[in-house]
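Keep the coordinates open while reading.

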Amino acid sequence: MPILNKPIVFAKENFGDGFEKGLKMKPIDIVLAVRESGLKGRGGAGFPTGTKWMLAATAIAEKKFVVCNADEGEPGTFKDRVLLTEFTEQVLQGIILCGYAIRAQVGYIYLRGEYEYMVSQINNAIQKLKNENKLGKNILGKGFDFEIELRLGSGAYVCGEESALIESLEGNRGEPRNRPPYPVNTGFMGYPTVVNNVETLATIPAILNLGSDWYRNIGTDKSRGSKLISVSGDVEFPGVYEIPFGTKIKDMLELVGAKDTKAIQIGGASGTCISAKELNRNLSFEDLPTGGSIIVFNNSRNMLKILKNFMEFFVEESCGQCTPCRIGNKKLLDGVNMIEKGECSVAYLKELLSLGETMRITSKCGLGQSSPNPFISILTTFGDEILATY
Amino acid sequence: MTDGNYVSRTPVSQQPLKIEQSSPHDIGGLVEIEINSKKFKVPFGITILEACKLFDIHVPTLCHHEDLCIAGVCRICSVEVEGMRTLQASCSFPITQSIKIHTSSEKVRKSRRHILDLLLSEHYGECYSCVRNNNCELQKLAKEYGVDFYRFGHVKEPYYDIDKSSYSIVRDMNKCILCRRCVRTCIDLQEVGVLEALNRGYDTKITTFLDKPISEVICINCGQCINRCPTGALRTNDPSDIIWEAIDNPKKHVVIQTAPSPRAAIGEEFGLPAGNSLTRELNTALKMIGFDRVFDTNFTADLTIMEEGTELLNRLKAAIVDKDESVKLPQFTSCSPGWVKYCEHFYPDFLSHLSTAKSPQQMFGAVIKTFYAQEENIDPADIVTVALMPCSAKKFECNRPEMVDSGFKDVDFGLTTRELAQMIKEAGINLPDLPKSNFDEPFGEASGAGLIFGATGGVMEAALRSVYEIVTGRTVPFDNLVISPCRGMEGVREASIKLENVKDEWKFLEGVELKFMIAHGTANAKKVMEKLKKGELKDVHFVEIMGCPGGCLGGGGQPIPTSPEIRQKRAEAIYKEEAELPIRKSHENPHVVYLYSKFLTEGPCGHLSHKLLHTTYTKRGNYIA
C-alpha cells in the first residue's frame, strides 16, 4: 500500500470560521492578507491573486464583479469537480469574501456545461447561505450586499480563458478579447472583474482562518501553498491529490502507484510532457507549472498517438479567431499525420517546430500560446523514438 | 458604450481608450517610447500601430481597418515589446507606459512570415482569376514578404460553393482569410448584422443566419463589407458581360446614366489620388465604349427634388391646414436603396414616413422608357438602360418587382464604379487622358443641386434650395447657396431654417421653423429611428438618410480602399465641381421644366408622376428577404 496523502489545506477543520473572520476585517485587509499569503492563481497561469484583487479593489467603478471560473475543461483535470461537490460552501465563501474585498455586488459561477448535474447542489448551497444571512442583503449585519448567480457554459474549451469566459457570460460568442485592457480593469459589461479559479477562491477562507503565515510556510519560495492534482493514466490509484508545491515527480509517481512509467504529461493537453528520466523535477511554478493535472503513460504507450489526440483536441477547440491558432494547430496535426505515414521530412518537422514557437508568441490568448506545447515537448523528448518507429 | 439609450454592439474591450481632456486643445498626457531604438513622444493611450503611423513606420496589417473597431485577429501586425514574453498585436496594444518596441526584429519577421504562410495555405484561388488582382491586401503582403513558395502547402480544391444568389453581393468564402472586417462592418459600422462567424477552430467560417444564401437573409445590399474585404472573398454581382452583349447588338439602343459619386471616384481606379472628378472625360469614354446615349443622373436628381419637395409641402399642408393626423412627419428621403431596405427590415411600421418618390436611378429608367422612347421614336423594348452607380444596392433596387412602371424593367442593369472602370480598361482606354465632352440631349446638363446628392447632406441641401425658394420667392439665406449645416461628415446632423415673408399660396407656412436632420450609415439611421420610435422627432419635418457612411460617395460599388480621408476628398471634389456649375437649383433646370410642360403636365406629384416616379414599400421585417 502506498502512503496515501493527507489533506494540507482542504481539510474541513482548516476553514473553521474563516468566513466570519474575513467579514470582520476591513476589505483592504483581506486583500493584503491574500497578498501576504503568496497565493497564486490555480487555473494554471499563476497570476498573484492578491495583486489581482488589489487592482480590482483600487479601481473606481460603479459596479464590480467576481467570476468563479468553474469551466474546468483541460483534459485530465477534475479537481474543481471534487471541490465543487465536497467543498461547495467554501467555494461560495471565497466568492463572497472576494466580493467583499473588492466591493463587488454580484458574483457569477461559470460552470462547465458538463457539470450540469451539480446545479441543484450549488443552488441549494447558495440558498443555505442566504438563509443564514451569509449571502444577500446586509450580510451578517455588515451592510454588505452580495448575490451569487450560476451560469452554465456550453462546452467550449476556450471559455475557460477568462476574457472568452466573460464574452460568453455576456451572451456573445466565446472568444478571447484583446489584452490589455485586462478584466480587472475592463471586464464583465466593461466593469472591473476578478476572474478566479475554483481552487483559488476555495482557499481564501482557510487563509483567513489560519493566517497568511500558515499558508506561506507551505510550498516553495516562489510557489506558496498546496496544489490539488488530478491524476489519471497508467497508475494504480487515480484520483485527486493534494500536495505541497515543490513535490518531486518521483514522490508523486510513488504516491499514485505508477509503474513502468515512460512519460508524464503535466498540466493537461496544453502542458508539457516529460520523460520518466526527469524524476527529480518538481511541481511548482518555477519548474513544472500545472493547472492541476498529471497524466501518466507507461511503456506500452505510443507517444505519437498521444500527440495526435492532443492536436486533434486543439484543432477542434481553438476559437478560430486568430490565424496562428486556427491554422497553426491544423498544420501541426497534419504534420503528425505525415509522420505517421512516414512522409514528413526532417526539414519540414523543423519548420513545424519553428511554427510552434511562432504560435507560442503570436497567438491572441493562452490557448494558442500553449497548444504547441505537447507538439514541441513530445517531439523534442521522444523525437528519436518516434522517428525510429515511423 | 452608451449614447443616451443607444447601446453599441462593439465589445467594450474593442472600443478606443477614452482619455479625459481638460481642454479641447489638450491632447492628454504624452508618453515617451522607443520604436526601433529611436525615441518618440506619443499621446497616452494610442495603440502601437497608431504611434507607428504618426512617425511613418510601416507595420503590415490585415484585419485592421480605420472605419472599424479593433479585432486583433490576424496577428500580422505583431511587434516585439521589450520585457514581454509574447509579441503584441500593434493594432490593439494601447501605450500606457514607456515601452520599447521593435517592429522588424528577427522574431517579428519570422512570425509574420509564418502567419502569412498559414493564411496563404488556406486561401484558395489564383490571383489572375480574381476581381481583386492588383488590389488585394494579401497579395500585396505576399509580395512585401517575398513569398516565393507555399511553406505550409496550398489548398488545391475549393471547399465552399460560391454564393451568387444575390443581385448585389457575391460571396466566395474560399478566398476568405477570416479577418472579420465584413463581420465588424455589418454588425458595428452598419448595425445590420447578417454576417457572423460560425463553427469553431479550423472549421470557422463567416456566414449568414442558418448558413442561408445571402439573398435569403436581411442583408440590405449596402456592400460596405465588399469595400472593406482585404481579398476577393466579397464582390459585387457583375453584369458587364451582358452589357457588352447589349452594346455589341446593333438592334439594342443602350443608354447609360451616370451618378455623381462614381464620377468623383473613378479616377482612383486609374491611379489618380482621391478627389479628382472625371465627369466629362467619362462621357467621352462611354461613347467610345459604345453606349448610344450618356445621360446625367442629376437630371432625375433634380426631378426627385421636385417630386419629393412637393410631397413634403403637401404633407406639411395636410398636417397644418387640414389637420390631417394620418399624415406622417417627418418625411424621410428614399433615394438610398440600402436605407430603404434597412427601413423595410428593421422599422417596417414606419414605412409611411418614407417619401414615395423613387430614387433618381429608377425615375430615370421610367422616364427613358416612356418619355425618351416617345420623343426619339424608339421602341422601349429595344432600349437597354444601364445605371452607373456607386452602389451595390442599386442592383437589387432595379430588380425589385415593383420597378416596372414603364411597362418594362425600368432600369436593366446597375453597374458599379469598379465594374465600369474594368470595362473601360478592357476597351483599352486610359480615362484620365481623354478629352472632355458633354451629356446628351434631351436631358443635357443638370443642376448642381442634383450633383451634390453624392455627398451626405446633399439631398437636404438641394431640397432646401428649392423648397425655400418656392415658398418664399427668395434664395436660401446662405452665402453662395452653400447651406453649411448640411455639409460635413458628422454621423447625425440637425438644423433648421425659418420660413418668413412667404408667398400668398404658402401662407400656412409663415413663421414655420423648418427642422431637418441628416444621417449617413445605417448605424446612424438607427439612432434617428430609435428617436422617432420614442416620439422625439415630432417637431422635425424632413430627414435625409443615406445607407452608407459618407453618403453615396462611400457606396459599396466605389473604388477600394475606403477611409474617412478618402471619402472626405471625394466630397470635396463633388462640392468643387458643383460650385462651378451655371445652374445650381433643381427647379431651374430647363430640362426638368420642359419635362413638366410636355410630359408630366399635371406637375410634380400629379397623376402620371405618381404612376411613373413614385413607388411603394414592403413591410419585410425579419422574415421576408
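Is B:Tyr347 buried or exposed? B:Tyr347 has 21 C-beta neighbours inside 10 Å, and the cut-off for a buried residue is 20 or more, so B:Tyr347 counts as buried in this predicted model. The residue sits in the loop that runs between helix 10 and helix 11 (360-376) of chain B. Its C-alpha atom is 20 Å from that of B:Lys394, a residue 47 places away along the chain.

Helix 10 of chain B spans residues 337-346 and is mostly covered, with nine of its 10 residues buried.

On the scale of the whole chain, the assignment for chain B lists domain 1 (2-104), domain 2 (116-236), domain 3 (252-299 + 361-433) and domain 4 (301-358 + 446-560 + 574-613). The C-alpha centres of domain 2 and domain 3 of chain B are 28 Å apart. Nine residues from domain 2 of chain B and seven residues from domain 3 of chain B make up the contact. On the domain 2 side, these residues are five nonpolar and four polar, with no charged ones.

Chain A is assigned domain 1 (12-216), domain 2 (226-298) and domain 3 (303-389). For domain 1 and domain 2 of chain A, the C-alpha centres are separated by 27 Å. Here 13 residues of domain 1 of chain A are in contact with 16 residues of domain 2 of chain A. The domain 1 side of that contact consists of three nonpolar, five polar and five charged residues.

Chain A also has an open sheet of four strands, in the order 3-2-1-4, with parallel pairing. Strand 3 (147-152) and strand 4 (193-197) of chain A are the edge strands, each pairing on one side only. Direction ignored, neighbouring strands of the sheet are turned by 20° against each other on average. Strand 1 (residues 65-70) of chain A runs parallel to strand 4 of chain A, and five bridges join the two.

A:Val67 belongs to the largest nonpolar core, which has 271 residues. Together with A:Cys68, A:Val91, A:Cys98 and A:Met311, A:Val67 touches the most other members of that core. Leaving out residues up to four places away in sequence, A:Val67 touches A:Tyr108, A:Tyr110, A:Leu165, A:Leu169, A:Phe188, A:Thr193 and A:Val195.

What remains is the contact between the chains. How many residues of chain A are in contact with chain B? There are 30 of them, facing 32 residues of chain B. Helix 12 (303-317), helix 13 (323-341) and helix 14 (346-362) of chain A are the elements that give two or more residues to the chain A side. Helix 13 of chain A supplies the largest share, seven residues. By type, the chain A side divides into 10 nonpolar, 11 polar and nine charged residues.

How values were computed: Residues numbered from 1 in each chain as written. Chains lettered and ligands numbered in written order. Predicted model: local features only at pLDDT ≥ 70, side-chain atom pairs only at ≥ 80, totals over all residues. Contact = placed C-beta atoms within 7 Å. Nonpolar A, V, L, I, M, F, W, Y, C, P; charged D, E, K, R; others polar. Domains from an automatic or database assignment. Pairing = 2+ DSSP bridges. Axes fitted to C-alpha atoms, helices over the stretch in contact; angles between N-to-C directions. Core = buried A, V, L, I, M, F, W, Y, C linked by C-beta atoms within 7 Å. Buried ≥ 20, exposed ≤ 12 C-beta atoms within 10 Å, placed from the backbone.
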